[in-house]
Amino acid sequence: MSGGQVHVDPETVFTRFLRGKGCHNTQQRRAIVSVFFQEEGHLTIDDLYGRVQRQDPTVGQSTVYRTMKLLCEAGLAKEVSFGGGVVRYEQASDWHHDHLICECCGKSIEVVDPKIEALQEERRKADEAGRDQERRKAA
């Protein structure tokens, strides 16, 4: 397999991550990870908990919460906030994207747009220049 990338499934990566932390990959964690990676989109803890409960009613909501924190720590999931104080989780990816959120229903879609990227880069540079100016004033 020359030049190609080897795909390692997220469940294997997570098991190795847990082992490295001295933690066990319990049946409940495996159920949560399985459901999370079967789903698409942005899930709240409640969304994920409801889906996992259908598969394994012994899984508690706090276990879902702790497992999602571990998945984020392992680099396999990412917390996203669309406002309103609700944290959602998405599968981590190597590509940068933004989210457009409908103000009526709250539905979100992922977008990649060079114009948006350029505007964000301009904003980042302006923010950085402003911080540099503030540092010079303070010095």
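Before anything else I noted how elements are named: helices (H or I, at least four residues) and strands (E, at least two) are DSSP runs, numbered from the N terminus. I work with a predicted model, in which local features need pLDDT of at least 70 and side-chain atom pairs count only at pLDDT 80 or more, while totals for chains, interfaces and linings use all residues. Residues are numbered from 1 along each chain as its sequence is written, and side-chain values use heavy atoms, with hydrogens and water left out.

**Entry: Tyr89**

I looked up Tyr89 and found it in strand β2. Is Tyr89 buried or exposed? Tyr89 counts as buried, because its relative accessibility is 3%; buried means under 20% relative accessible area, exposed over 50% and partly exposed in between, with a 1.4 Å probe and protein chains only. For contacts I used heavy atoms within 4.5 Å. With neighbours within four places in sequence left aside, Tyr89 is in contact with residues including Phe36, Leu43, Ile45, Tyr65 and Met68. Gly41 is also among the contacts of Tyr89, and the C-alpha atoms of the two are separated by 8.2 Å, although they lie 48 residues apart along the chain.

**Entry: helix α2**

I then checked the length of helix α2, which covers residues 27-38. The expected span of a helix is 1.5 Å times one less than its number of residues; for the 12 residues of α2 this gives 16 Å, and the end C-alpha atoms are 16 Å apart, so the two agree. Which residues of α2 are buried? I listed Arg29, Ala31, Ile32, Val33, Ser34, Val35, Phe36 and Phe37. These buried residues pack against α1 (10-20), α3, α4, β1 (77-81) and β2 (87-91).

**Entry: α2 with α4**

Two packed helices are described by the angle between their axes and the distance between the axes. The axes are lines fitted to C-alpha atoms, for helices over the stretch in contact, and the angles run from 0 to 180 degrees between N-to-C directions. I found that the axes of α2 and α4 come within 10 Å and cross at roughly 65°. The two are therefore roughly perpendicular, since angles under 35 degrees count as roughly parallel, over 145 as roughly antiparallel, 65 to 115 as roughly perpendicular and the rest as oblique. On the side of α2, the residues that meet α4 are Gln28, Arg29, Ile32, Val33, Phe36 and Phe37, and their partners in α4 include Val64, Met68 and Leu71.

Thr63 is found in helix α4 and counts as buried because its relative accessibility is 14%. When residues up to four places away in sequence are not counted, Thr63 touches Gln28 and Ile32.

**Entry: α3 with α4**

I next turned to helix α3 (residues 45-55) and helix α4 (residues 61-73), which pack at an angle of about 120° with their axes 10 Å apart. That angle makes α3 oblique to α4. The contact is made by Ile45, Asp46, Leu48 and Tyr49 of α3 and by Gln61, Val64, Tyr65 and Met68 of α4.

**Entry: α1 with α4**

Last, I looked up α1 and α4, whose axes come within 10 Å and cross at roughly 95°, which makes α1 roughly perpendicular to α4. Phe14, Phe17 and Leu18 of α1 make this contact with Thr67, Leu70, Leu71 and Glu73 of α4.
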